[in-house]
Amino acid sequence: MKILLATGNKDKVREIKEFYKEYEIYALGEVLEPFEIIEDGDSFKANALIKARAVYEKLREKGLEREFVSLSDDSGISVEALGGAPGIYSARYSGEGATDAKNRAKMIAELHARDLKTSPAFYTACIAIASPFGEFCAHGFMHGAVIDEERGSNGFGYDFMFVPRGYSQTVGELAPSVKEAISHRTRGLALARYILKSIEDAK
């Protein structure tokens, strides 16, 4: 079965390809001309479905809706001390022109503004799938804490300042194999595998 990812994020594409070795995985630009998707939902689930649905509609326009399913990931981090922020705004936390580095810098500044060096936090990933048989979602979570410094060189996003529960190192310091075993995205993808298998069996 062929899966078209509703993202051009190279890190997400790589992680999903590594996880779903049993499927043919394509980045958005490999099959469709990249286009803007307005993520105006109020939850990870809503935004993940918006992306998966938009890509599947483009596949339908090209007559490829029986050849592919579309899969999207909407994920982010929620920090207790920040009232759950940045949440669904994680990728654009630092405003216009946001980058991972700017987002982390803002989070560290927000912790310092509250005289904090750390706060409980958790990652959420919602995996959405659009297919000839309908739309489906699965969620994965990773709990732990954010710290007010960056450590490590593996990963992306907030990985360099997030310490998973049960560990003393940041995700950025952990071996990629460890991250893959415990991450929110892995847990969401693992649950979504049951959905994909059901779609594959029904085709």
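Begin by selecting Lys-106 and Tyr-93, where the charged end of Lys-106 sits over the ring of Tyr-93, 4.5 Å from its centre (a charge sits over a ring if NZ of Lys or CZ of Arg is within 6 Å of the ring centre and within 35 degrees of the ring normal). This is a predicted model, in which local features need pLDDT of at least 70 and side-chain atom pairs count only at pLDDT 80 or more, while totals for chains, interfaces and linings use all residues. Residues are numbered from 1 along each chain as its sequence is written, and side-chain values use heavy atoms, with hydrogens and water left out.

Next, select Lys-58 and Phe-35: the charged end of Lys-58 lies over the ring of Phe-35, 4.9 Å from its centre.

Now turn to the ring pairs, of which there are four (rings of Phe, Tyr and Trp, the last by its six-membered ring, pair if their centres lie within 6.5 Å; planes under 30 degrees apart count as stacked, over 60 as edge-to-face and the rest as tilted). Select Tyr-26 and Phe-68, whose ring centres are 5.6 Å apart and whose planes stand at 75°, so the pair is edge-to-face. Tyr-26 belongs to strand S2 and Phe-68 to strand S3, 42 residues apart (strands are DSSP runs of E, at least two residues, and helices are runs of H or I, at least four, numbered from the N terminus).

Then select Tyr-123 and Phe-162, with ring centres 4.9 Å apart and planes at 65°, so this pair is edge-to-face. Both Tyr-123 and Phe-162 are buried (under 20% relative accessible area, with exposed over 50% and partly exposed in between, using a 1.4 Å probe and protein chains only).
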